[in-house]
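Hi,

Here is the structure I promised to pass on to you.

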Amino acid sequence: MTQNFDIPEIRTPENLVYKKTSVLTDNVLHYCPGCGHGTTHRLIAEVIEEMGIQSEVIGVAPVGCSVMAYNYFDIDMQEAAHGRAPALATAIKRVFPEKFVFTYQGDGDLAAIGTGETIHACNRGENITIIFINNAIYGMTGGQMAPTTLPDMPTSTCPYGRDVKIMGNPLKITELLAMLPGTYYVTRQAVHSPALVRRAKKAIRMAFENQKLDRGVSFIEIVSNCNSGWKLTPVQAIKWLEENMLPFYPLGDLKVNGELVKKSE
Amino acid sequence: MAKVQGDVVIDIEQCKGCELCNVACPLNVLAISAEVNSKGYHYAIKVNGNCNGCSNCAVVCPDGVITVYRAKV
Amino acid sequence: MKELRLMKGNEAFAEAAIRAGADAYFGYPITPQSEVMEYLMAEKPYERTGMIVLQSESELGAINMVYGAAACGKRALTSSSSPGISLMQEGISYIAGSELPCLIMNVVRGGPGLGTIQPSQSDYFQATKGGGHGDYRLIVLAPSSVQEMFDFVSLGFELAFKYRNPVMMLSDGVIGQMMEKVELSEQQGRLTNQQIDELYPWATTGKKPGKERRIITSLELDPGRQEKHNLKLQEKYRKIETTEVRYETLHCDDAEYLLVAFGSSARICQKAMDLGRSKGIKIGLMRPITLYPFPYSIIEQLSKQVKGILVVELNAGQMIEDVRLGSHDRIKVEHYGRFGGMIPSPVDVLYAMEKQIIGG
């Protein structure tokens with residue numbers, strides 16, 4: 001038997017320092033163990049709670065692993081067709097300019113099938129927040145190659161690794177979007193360590209706060225893990241992410257307050 | 001200097017045993033159980049009373065199953 | 001006092017959208033319907049009524065913007081022509097599956113493929129039998145005059161919201177481009193956000209404290225629940241079929257021969273009927289106004305009276321299948337069609353009637 005290390009006497013409301021936000025429903029997340037989707041969902045929900053905007057938010061769910069994101073957020077949401085979330089969000093924000101509107105999209109949704117909708121919503125400068133989960137693979141359909149799959153990275157549709165000569169190059173869409181005049185805040189974050197989670201939450205908060213300014217798209221890429229698709233344990237996956245994903249998709253702000261961030265290299 | 005005592009409450013039925021909390025804990029409070037929950041997952045457990053309530057485990061938990069308390073004692 | 005104006009069909013549609021109190025139009029230019037957005041932008045509806053007009057990056061973008069606005073309980077519409085409507089089919093299926101109200105106009109041009117920019121009616125199957133994936137129906141209205149291009153906008157919105165179902169106006173390049181006198185109706189007010197909240201308990205307007213959140217989706221992975229959803233849709237379509245059939249009959253009381261045509265073809269047939277009657281041939285005309293629901297019962301009734309039916313369409317024979325279903329093969333039902341932008345004259349139609357039905 002395991003020993004009991006509970007300290008029930010300190011479990012009082014005044015000592016509470018962390019509790020799941022009420023903006024998330026009690027539905028059990030369908031994501032695989034250790035998946036960054038869950039963490040990112042929680043951060044968005046925490047920001048919504050902290051800003052007190054639960055009744056003012058309309059979210060758009062994508063097609064991909066997070067297709068049922070609306071089961072987890074206790075807010076009004078719409079389910080888009082694959083890749084079309086930015087078109088829905090464009091319309092929602094235009095008919096409800098006073099609401100906070102966000103899309104939640106994966107790499108296949110945002111950077112392959114929905115590239116057109118993404119680029120044009122960003123270029124028009126829609127006053128919305130886009131949360132982009134990049135785990136370099138199609139998780140829901142079983143681990144196929146994504147637009148962001150790294151060179152030489154194996155997936156089920158490039159089992160011997162992504163040969164860029166044959167399969168083309170990974171798309172750094174975040175860098176591309178930062179160049180557009182319609183984006184106001186573009187950043188790349190991650191959620192696999194406590195420090196990174198705290199930083200990502202600040203970014204998400206800023207992305208929602210920016211909607212009050214009406215200056216254009218706030219775009220947050222979350223470099224995330226797909227343990228099932230990568231065929232690694234969650235702990236191995238975050239190590240692989242740090243060693244392989246982050247050198248190719250370096251973390252940090254690309255554009256702040258409408259100005260490109262100069263890299264000091 | 002006031003000592004800080006923390007405690008975490010883990011919803012073991014919702015825990016999927018990913019171990020990210022275990023990696024994130026600076027005081028090695030957490031480990032993974034030998035038993036499984038009703039869904040068949042090994043779940044996070046406390047293996048000592050060293051918790052200082054830093055919340056790192058809860059912050060990285062993808063499933064939001066950890067509640068954290070912290071008291072000055 | 002009546003407000004009369006000489007307008008193109010496409011312009012009448014655009015003016016009607018503003019006057020119907022539409023909240024948002026999203027579109028992408030394509031011939032022969034580009035005047036719709038041109039007219040809207042020139043009219044500054046954002047100043048007249050606060051209506052939003054946005055040129056999207058594609059028809060995919062446009063129809064999904066319609067989805068987003070419609071899901072907010074707003075009166076949203078788009079227009080396009082055949083190739084663009086094909087591109088919209090994905091979104092239309094999602095809109096139908098999510099049970100959202102909206103108005104889509106197709107100013108049909110000839111196909112297949114890029115086809116031609118000239119008028120055609122070859123999208124009848126696409127409009128009435130589905131178009132996109134899954135078991136769904138659009139309510140399809142077929143205007144045959146510029147006046148109807150105006151009138152069917154408010155009717156379309158009324159039906160769309162009554163049934164929470166997309167409505168398509170199946171027009172064509174003739175009706176879209178021709179100019180006729182239009183009697184304009186008065187400006188209707190746009191609904192306030194509060195009215196939308198009260199009228200449409202399904203609309204995503206932001207979760208109210210203490211209330212259930214609202215979710216707009218067509219996804220349901222549980223087979224039992226997905227079947228239930230489909231059965232609910234089918235029940236709705238059966239209700240539409242029994243209550244929303246609209247058609248017009250001309251000289252059918254004493255008719256021995258019947259012309260069946262919709263949209264611009266019906267206009268040609270009307271003249272052909274007059275020509276035939278001046279020669280002593282008792283021709284009647286039945287013009288379906290709703291292509292879905294199709295007026296099967298009047299076809300059945302008339303098929304017991306007339307000796308033969310000529311179905312005239314600007315296509316290779318699409319609506320004729322529904323006419324044959326309605327007539328139960330009691331009498332001869334033949335098709336006369338032209339394609340590729342070719343438009344028959346009334347004399348051509350009368351000749352076809354004499355050759356294929358009367359003499360045949």
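Before we start, one cut-off: a residue is called buried when its relative accessible area is under 20%, exposed when that figure is over 50%, and partly exposed in between. By that rule E354(C), at 26% relative accessibility, counts as partly exposed. Also keep in mind that this is a predicted model.

**Salt bridges**

So who does E354(C) meet in a salt bridge? Its partner is K279(C), with 2.8 Å from N to O. The pair links distant parts of the chain: K279(C) belongs to the loop between helix 11 (263-278) and strand 12 (283-288) of chain C, E354(C) belongs to helix 14 (residues 346-358), and the two are 75 residues apart. K279(C) has a relative accessible area of 55%, so this residue is exposed.

Now look at R19(C) and E15(C), whose side chains also form a salt bridge, at 2.6 Å from N to O. They are 4 residues apart in helix 1 (residues 9-19) of chain C, which means that about one helical turn separates them. Both R19(C) and E15(C) are buried.

Another pair to find in chain C is E220(C) with R225(C), a salt bridge with an N to O distance of 3.4 Å. Is R225(C) buried or exposed? Its relative accessible area is 52%, so R225(C) is exposed. E220(C), at 27% relative accessibility, counts as partly exposed.

Over in chain A, a network of salt bridges links R42(A), E46(A), E50(A), K201(A), R205(A), E209(A) and K212(A). Searching the whole structure gives 45 salt bridges over all chains.

**Rings**

How many aromatic pairs are there over all chains? The count is 11. One to look at is Y200(C) with W202(C): the ring centres are 5.5 Å apart and the planes sit at 35°, so the pair is tilted. To follow that step, you need to know that planes under 30 degrees apart count as stacked and those over 60 as edge-to-face, with the rest called tilted. Y200(C) and W202(C) are both buried.

Chain A has a cluster as well, in which ring pairs link F73(A), F102(A) and F208(A).

The charged end of K172(A) sits over the ring of F248(A), 4.2 Å from the ring centre. K93(A) has its charged end over the ring of F100(A), and there the distance to the centre is 5.9 Å.

**Chain B**

What order do the elements of chain B run in, starting from the N terminus? They go β-α-β-β-α-β, which is 2 helices and 4 strands. The radius of gyration of chain B is 12 Å, close to the 11 Å that the globule rule gives for 73 residues, so chain B is as compact as a globular protein of that length. Along its principal axes, the C-alpha trace spans about 45 × 20 × 20 Å.

Of the 73 residues in chain B, 56% count as buried. The chain exposes about 3200 Å², and carbon and sulfur atoms supply 54% of that area. If you take the contacts in chain B between residues at least 6 apart in sequence, 58% of them join residues at least 24 apart.

Over to you!

How values were computed:
Residues numbered from 1 in each chain as written. Chains lettered and ligands numbered in written order. Predicted model: local features only at pLDDT ≥ 70, side-chain atom pairs only at ≥ 80, totals over all residues. Heavy atoms only, no water. Phe/Tyr/Trp six-rings, centres within 6.5 Å; stacked < 30°, edge-to-face > 60°. Buried < 20%, exposed > 50% of the residue type's maximum accessible area, 1.4 Å probe, protein only. Lys NZ or Arg CZ within 6 Å of the ring centre and 35° of its normal. Rg over C-alpha atoms; globule rule 2.2 N^0.38 Å. Contact = heavy atoms within 4.5 Å. Areas by Shrake-Rupley, 256 points an atom, 1.4 Å probe, with all protein chains shown as cover. Salt bridge = Lys/Arg side-chain N within 4 Å of Asp/Glu carboxyl O.
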